[in-house]
Each structure stands twice: as structure tokens, then as C-alpha cells.
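This report describes the voids of a protein model, one of its helices and a few of its loop residues. The sequence and structure are shown first.

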Amino acid sequence: MDPRPLALVTGASRGIGAAVARALAPTHDLLLGGRDTVALESLAAELAGARAWPVELTDDGSVAAAVAGLNLARLDVLVHSAGVGLLGRIEETAPDTWRHQFEVNVVAVAGLTRLLLPALRAARGDVVLVNSGSGLTARAGWGSYAASKFALRAFADALRAEEPDLRVTSVHPGRVDTDMQRAVVAHEGGEYDGSRFLRPESVAAAVVGAVTATADAHLPEIVIRPR
């Protein structure tokens, strides 16, 4: 029998990344990327064909060694779900915040994708970038985060143009019921009500739709909003 397709999901220890892993598990073997080894191993124990892949994505040397250790001949799906969301008005946002946000949300994504391109090309695979509504519209107080997400969308557009054998999808969800959203609402001074937001599983369903689309179809962009 042919082996099941292989997917690597970053940010898989919680939130959208964990939901994506669970949604792909019935049809794909999984590499679960992230920093929280305990959480990754716990999730891997739940899912047949899954294993933890702990790595600090902003450490270039560690990422290169971790990718080399995989010795992948092919990779069918790469889902970038890891990210940070640091808010603040421009007048109060220090340069280090801008640098960190771009390092995690853009530079780490580009670096990992570059290292995995040979395996993705071999599979004519899918790259899915979990972006944000802030990657389409910038609002007051969201400047550095939105700028990083605009840059992530530009990266996806360039990758799509340079690698025509790959399918590259940007997913732009609205607010999602995650730990990050709790921090956002606390920053805004509001009362948290997760029922007002998308569920992580709803975003995961969109990711699955992109990677399981028929061979003649390519979904470059998916926008999801709470009803």
C-alpha cells in the first residue's frame, strides 16, 4: 500500500495548530511542530501516525538541524500556524516588538519553507499559511502585528509565483476563540466571550478544504469570519 501523505504543522501544541493536526489526522501522517514538547507529545499520543517535532523556529541553526534530521524525501503538506500577536499603538511600540513580531510571523516561516522546498517540490505539495484578518486590513493599535501579517501574505504571493507546482494558500480568519484572543480582549479591556468568535476547528476545516481540493483546483486565499 502507498504510504499516507505527510503533513508538518507548526504551532501544533494548542489553538488553531492543534485543531489543524486533529483535522488532518484521519488522512495524513503528522509532524507536530512547536516549542512545548510536553504538549506536542501529548497530542501525538492521541493521533495515529503523529509524532512531536519540537523546535525553536526563530533559531536558524536548530531549525536547519531539525529539518536535516527528518531526512524527508517528500512532504505533502506544510501548515504554518505558529505566530504571535503583540498589540499596541505605534507611539508605544518599541522597535524590539516590531523585530520579534516579524521574526516569528515572517522570517521563521520563510526560513522553514526554504529548507523544506525540495521535499515539497517532490510531492507537488501544499503550503498553507494561517494569516489573519489583519493581513488584509490594518487598524489602530494593531500596527506591528498587521504589518507582519501583510508581509506574510506577500511571502505567500511570492512563493506561489515562484513555485508553480505547489499550491499556496493564505487563510485569513477573523477572531478565533484561542489563548491569543483572550490576551487581545484583555489588552482591549473587554470581557471575554468565546462564543462570539470562530472556533479553531472552523479554521482547521478551511485548511483541510485547501489541501484536499481536487487536483485541478487551487485556493490561493480563504477569508473566514464569525457569523
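Which residue just after H4 takes a positive phi? The residue is Arg 124, with a phi of about 50°. The model is predicted, so that local features need pLDDT of at least 70 and side-chain atom pairs count only at pLDDT 80 or more, whereas totals for chains, interfaces and linings use all residues. Residues are numbered from 1 along each chain as its sequence is written, and side-chain values use heavy atoms, with hydrogens and water left out.

**Helix H4 and the residue after it**

Helices (H or I, at least four residues) and strands (E, at least two) are DSSP runs, numbered from the N terminus. H4 spans residues 95-123. Its 29 residues reach 40 Å from the first C-alpha to the last, close to the 42 Å expected at 1.5 Å a residue; the expected span is 1.5 Å times one less than the number of residues. H4 has a kink of about 55° at Leu 117, shortly before the proline Pro 118, where the bend is the angle between axes fitted to the seven residues ending at a residue and the seven starting there.

Arg 124 is found in the loop between H4 and S5. Arg 124 counts as exposed because its relative accessibility is 54%; buried means under 20% relative accessible area, exposed over 50% and partly exposed in between (1.4 Å probe, protein chains only).

**Pockets and cavity**

Rolling a probe the size of a water molecule over the atoms shows where empty space is left. On a 1 Å grid over the protein atoms alone, a cavity is a set of points where a 1.4 Å probe fits but cannot get out, and a pocket is an open set with protein on both sides within 12 Å along at least five of seven lines; lining residues have an atom within 4 Å of a point. Grid points are joined across faces, edges and corners, and a volume is the space filled by probe spheres set on the points.

| Void | Volume | Lining by class |
|---|---|---|
| Largest cavity | about 40 Å³ | 6 nonpolar, 2 polar, no charged residues |

In these classes, Ala, Val, Leu, Ile, Met, Phe, Trp, Tyr, Cys and Pro count as nonpolar, Asp, Glu, Lys and Arg as charged, and the others, Gly among them, as polar.

The largest pocket is lined by 43 residues, and the closest to its centre are Ser 81, Ala 82, Gly 83, Val 84 and Met 180. H6 supplies the largest share of this lining, 5 residues. Ala 82 also lines the largest cavity, together with Thr 10, Leu 57, His 80, Val 104, Ala 108, Val 109 and Leu 112. H4 gives the largest share of the cavity lining, 4 residues. Arg 124 belongs to the second largest pocket, where Ala 123, Arg 124, Gly 125, Asp 126 and Arg 167 lie nearest the centre among 15 lining residues.

**Two further loop residues**

Asn 71, in the loop between helix H3 (60-70) and strand S4 (77-80), has a phi near 50°, a positive value in a residue other than glycine. Asn 71 is exposed, with a relative accessible area of 68%.

Leu 136 lies in the loop between strand S5 (126-130) and H5 and, at 30% relative accessibility, counts as partly exposed. Leu 136 touches Phe 150, Arg 153, His 172, Glu 221, Val 223 and Arg 225, not counting residues up to four places away in sequence; contact means heavy atoms within 4.5 Å.
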